[in-house]
Amino acid sequence: MANSSVKLHYEVADNDFTVAGEASGAVKKVLRQLGFPSDVIRRVAVSMYECEINMVIHANGGHIDVEITPDKIRMVHTDKGPGIKDIGQAMQKGFSTANEEVRQLGFGAGMGLPNMQRYTDEMKITTEIGKGTVVDMTVYVNKF
Amino acid sequence: MASEKRELLYHSVCLEEGDCKGCTTCMRYCPTQAIRVQNGKAKIIREKCIDCGECVRRCPYHAKRVVSDNFYTLKSFKHNIALVAPAFCGQFSKVTNIDLILTGLKKIGFDDVFEVARGAEVITAKTKEILAEKNHEGPYISSACPAVVRLIAVKFPSLSDMVIPLTSPMEAAAQMARREAMEKTGLEDDEIGVFFISPCPAKVTAVKQPLALDKSSVSGVIPVKDVYMKLVHALKSVDKIEKLSVSGKDGIRWARSGGETEALGIKNYIAVDGIHNVIKMLEELEDEKLNNIEFIEALACTSGCTGGPLNVENEFVANSRIRNLTEHLEKGEAKGENLSLMWDKKVEYEPFSPLDTDINKALTKMQQLEEIYARLPQLDCGSCGSPSCRDFAEDIVRGKAQERDCIFRLREKIEVLAKEIEELGKMIKE
Ligand SMILES: Nc1ncnc2c1ncn2[C@@H]1O[C@H](COP(=O)(O)OP(=O)(O)OP(=O)(O)O)[C@@H](O)[C@H]1O
Ligand code: SF4
Ligand code: SF4
Ligand SMILES: [Mg+2]
């Protein structure tokens, strides 16, 4: 039998902290209904939330495409933000360009990208200064 | 399968069909989307219900009932003890003395009384020990509220290891009360009745079918409201108040939200109350949005156990009274030696059943669900009998509802039909 898949699409609004997390929350619900193991659900939820919040804080929003298949969950986050100058630096624990305002809200520890790396099995960042960033992450179901 | 087992679960909350008007109020407030209105009656999906009592509180026609024990059950025992929860003491206006309440209980059929606050003091001490060991990452979650423990079992499996595997103050108190009574009376264990006066259906369920214990030490559960009227009358005829209360401030403050944590003396904590707030908090915890938190006290009822749906008094008034009643008390440190305070078994993850046990089939059903959802008005009006358009789409996919149950979809269909008939009518004329 050919593997079935479900595709989901979410728009992420610009600079709105109150709705950030809605997409990852919705995906979490879908994964629960599909009966995925709780560990997989949590890894997807945490990494997707971090990425979603990055789009809000650093990149004026964007959109997320999620594809769920029996063996993996792929999340592609696309924004038209400023891009990332040095990906290696951005990936380092503690590196952050978040401004004081954002830090006041409890963000800007520079732990988002490292956590996404830790919780996903594959992660690819494509970025162009002034054009935007695509963060493509995959969580495999049977890989722990 | 886990979900089949949950079908067989005992539930204290049920529907009195005759009183249900099908108004959908309970359905809209149920935190686990466990209610559907079918043929004008609000049915509970057993595997989803956590007996939180939110529907009991919300139903304007009082059609959601709580099955419990009553005073007749006392006849099965030679010696009966009332287990009095701290929240109970806030139910009475004009009562400025806990001893009066306790003395009154001995006039309405109980041979003795025992304060659950003493159990709470014992649990407080034990919790401190466990927190000091700290053998996992992230915060500990209190296991005091059975509705919350059940919620975690069905919805938040990744958090289950954070729940403190301790029995409740009620169970600790029941063990202590039994032991004391056996010594005092010389009776056998099974001749002694221990009755919890309950503010909530969750505690009834916790006694009838404990999640983490092999058997409860409590013999029966009687709702606060059933004891209340009897007691109010009896209080008038109390001429000599006995000195019965021995518990301190730390135990009694468990009655309200935040009290448990205050007794523990923890700095970085979250005290959340109200089942919808609890769910929001646990979602955040699961998504690792909470940092540097050591302890989470989560209670299903707003304001804590004083907000239990079987209470009589408004929770804010009750909390204020409890504050006054305990002002002069010492901290309180009940001794609980040789009690069995740890859980007998781990709470199993018992999720709501997925769309299908075969992941490929589940994905196909999810596609259908998304397609159906896209066609629905997305107003979450509830007139189809499901709590939201998404839940309705899920019910259709599960074969439990039909698209024409949506009045908007039905109207669209009728419009199409009407046009077709009009066309046909024209053709006949021509
Ligand atoms: N989508 C993006 N567009 C532009 N820059 C980004 C984007 N995502 C991350 N960055 C850059 O990478 C840095 C590191 O991101 P990371 O998520 O690790 O930390 P943070 O968002 O600053 O803080 P935290 O995630 O701990 O709240 C950010 O400060 C930002 O400069
Ligand atoms: S008791 Fe709680 S979970 Fe059960 S049906 Fe009522 S509101 Fe829903
Ligand atoms: S908060 Fe207290 S009264 Fe309410 S359900 Fe939980 S244990 Fe029962
Ligand atoms: Mg970030």
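Select Phe92(B): its relative accessibility is 3%, so Phe92(B) counts as buried (under 20% relative accessible area; exposed is over 50% and partly exposed in between, with a 1.4 Å probe and protein chains only). This is a predicted model, in which local features need pLDDT of at least 70, side-chain atom pairs count only at pLDDT 80 or more, and totals for chains, interfaces and linings use all residues. Residues are numbered from 1 along each chain as its sequence is written, chains are lettered from A and ligands numbered from 1 in the order in which they are written, and side-chain values use heavy atoms, without hydrogens and water.

Phe88(B), Phe92(B) and Tyr228(B) make up one aromatic cluster; rings of Phe, Tyr and Trp (its six-membered ring) pair if their centres lie within 6.5 Å, with planes under 30 degrees apart counted as stacked, over 60 as edge-to-face and the rest as tilted.

Over all chains there are four aromatic pairs. One of them joins Phe77(B) and Phe195(B), edge-to-face, at 5.9 Å centre to centre and 80° between the planes. Phe195(B) is buried at 0%, whereas Phe77(B) is partly exposed at 22%.

Next, display both chains. Arg32(A) lies over the face of Phe156(B), 5.2 Å from the ring centre, and the charged end of Lys289(B) sits over the ring of Tyr49(A), 3.9 Å from its centre. The criterion is NZ of Lys or CZ of Arg within 6 Å of the ring centre and within 35 degrees of the ring normal.
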